[in-house]
Amino acid sequence: MLNKIIKRGHKKVPKSDPSDFVVAASGNRSSGSVSTSNVVVNHASRGAGAGAGAGFGMMNNSTQQQTMMSAAVPAPGTIEALPMLKDVPMAERQSFFFRKLQVCCYQFDFNDTMKMVREKEIKRQTLAELVDCVQSNSLKISEINQEEMLKMISVNIFRCLPPASHENTGSENVEPEEEEQYLEASWPHLQLVYELLLRYIVSADTDTKVAKKFIDHSFVLKLLDSFESEDPREREYLKTILHRIYGKFMVHRPFIRKAINNIFYRFIYETERHSGIGELLEILGSIINGFALPMKEEHKLFLVRALIPLHKPKPIAMYHQQLSYCIVQFVEKDYKLCDTVIRGLLKYWPVTNCQKEVLFLGELEEVLEATQAAEFQRCMVPLFRQVARCLNSPHFQVAERALFLWNNEHVVSLIAQNRNVILPIIFEALEKNIRSHWNQAVHGLTVNVRKMFLEMDADLFEDCQKQYAEKAARATDLEKQRELRWQRLAAAAGQGG
């Protein structure tokens, strides 16, 4: 509760430059908003003033221009309910659509639930009507109104985000998954604005050539900045909308991929803090699934430079499921990437974080599922050296998850084909578990794996056993020699005294 109260008093400045939307009024400028006596009007809506007038000048139909120009603009601080579009004569619907967009540009204080209840409800009903209008295609929206609609949407969704909990407290030690979930107070309006944008993008009546004038690179960047919102409902809408934009506006595809790359780089190498990494990875999962073969070098570089290093940050648990899906998509598209992926996992393998290690082992199994024999042979030596260390982990979940690899038929098949190399690497780890691991489940699973190798190749198993016995004997001899040296040194020191 304290975090929520603190959040209300602070605002996070968005990365994108909102200067396009800021208008000074009455000599009072504050975060792009101007307070009147009754309502906070966000002047991101240039469409209500000079911007709208400039747009009208482009219209060829003089009658329509005069009608829309004469439409009464609501006075600051007052919002009046307008008649439903279906009740307005067809000739006046464009002008009333424009006026309704202006009503929706007003911003309210949602922290005070008792303040301006009537005005808030008028805006909510107006937004709902606009959504229904776009969804039902009951009105072919003019180009100028499309522009004004995107301006209104921008006013509402491209706003200052509240700071994260760690920014308020100054503590960097709080785990992101343990932070109290923040829910946007203005969501009753914000959801409808997002729904309007989504319906506009997916509508069959939306002309891509016209829409891309308003949904440009700047708009896309601001959408991507909004993924830092801590409200999961907002990120879900953003994910769906950005995915639809990627599908409908081919001209934006390289730009979107590059912009997401930059977000990942900043997250990996600078902040390790971002609320929307999981949602961005979900979008990329669908994009990767659609990559054509042979895969472009650009996409392979994205795998190596962005996706694999995403295993490095500490809060990987928050997005690992989506990351693992993207990695496996790459491997299934091009099995020759298996060696690159496995070596990448080994590079970022956790040393002291056991929960993270369990995640890596699960992902490793999924990658091995898609691995062919030739690629497996390239990386099996460093891979099973790491697996051997996991087998002896005192954390029973890590050891157990490593032993579960032998429950996978494809993995067992790859191991069986290369048992001459793999068994000598892990034999000592198996013996140590049987002799001294504290957990009974790990002990039982180790016995089963040992038995599997014995049945697979008894002669090889016997050779490994002999080598292990010889190594143990040498270790015992070395220990005895070390003790004798210490005894001699102690005796010499006593005589000298």
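Analyst: Happy to! Let's start with P294, which sits in the loop between α13 (277-289) and α14 (297-307). Keep in mind that this is a predicted model.

User: What makes the peptide bond from L293 to P294 stand out?

Analyst: The bond is cis, with omega near -5 degrees. Most peptide bonds are trans.

User: Why is M116 called buried?

Analyst: Buried means under 20% relative accessible area. M116 has 16% relative accessibility, so M116 counts as buried. This residue is found in the loop between β3 (106-107) and α5 (117-136), and its phi is positive, about 55 degrees, although M116 is not a glycine.

User: Why is α10 called roughly antiparallel to α11?

Analyst: Angles over 145 degrees count as roughly antiparallel. Helix α10 (residues 217-225) and helix α11 (residues 232-248) pack at about 150 degrees, with axes 10 Å apart, which makes α10 roughly antiparallel to α11. The crossing is left-handed.

User: Which residues make that contact, and what are they like?

Analyst: V220, L223 and L224 come from α10, and L238, I241, L242 and I245 from α11. The contact of α10 with α11 divides into seven nonpolar residues, no polar and no charged.

User: How do α6 and α8 cross?

Analyst: The axes of helix α6 (residues 143-157) and α8 come within 10 Å and cross at roughly 145 degrees, in a left-handed sense. Among the contact residues are M149 and I153 of α6, and V193 and Y200 of α8. The residues of this contact divide into 11 nonpolar, two polar and no charged.

User: What stands out in the largest nonpolar core?

Analyst: The largest nonpolar core has 122 residues, of which M149, F264, L281, L307, F384 and W406 touch the most other members. Helix α8 (residues 187-202) gives the most to this core, with 10 residues. Another core, of seven residues, lies apart from it, and M116 is among its members, along with I79, F108 and I122.

User: Which residues does F384 touch?

Analyst: Leaving aside residues up to four places away in sequence, F384 touches F376, W406, I415, I422, I425 and I426.

Technical notes:
Residues are numbered from 1 along each chain as its sequence is written. This is a predicted model: local features need pLDDT of at least 70, side-chain atom pairs count only at pLDDT 80 or more; totals for chains, interfaces and linings use all residues. Side-chain values use heavy atoms; hydrogens and water are left out. A nonpolar core is a set of buried Ala, Val, Leu, Ile, Met, Phe, Trp, Tyr and Cys residues joined through side-chain atoms within 4.5 Å. Buried means under 20% relative accessible area, exposed over 50%, partly exposed in between (1.4 Å probe, protein chains only). Helices (H or I, at least four residues) and strands (E, at least two) are DSSP runs, numbered from the N terminus. Contact means heavy atoms within 4.5 Å. Axes are lines fitted to C-alpha atoms, for helices over the stretch in contact, and angles run from 0 to 180 degrees between N-to-C directions. A crossing is left-handed if the near helix is turned anticlockwise from the far one by less than a right angle, and right-handed if clockwise. Ala, Val, Leu, Ile, Met, Phe, Trp, Tyr, Cys and Pro count as nonpolar, Asp, Glu, Lys and Arg as charged, and the others, Gly among them, as polar. Angles under 35 degrees count as roughly parallel, over 145 as roughly antiparallel, 65 to 115 as roughly perpendicular and the rest as oblique.
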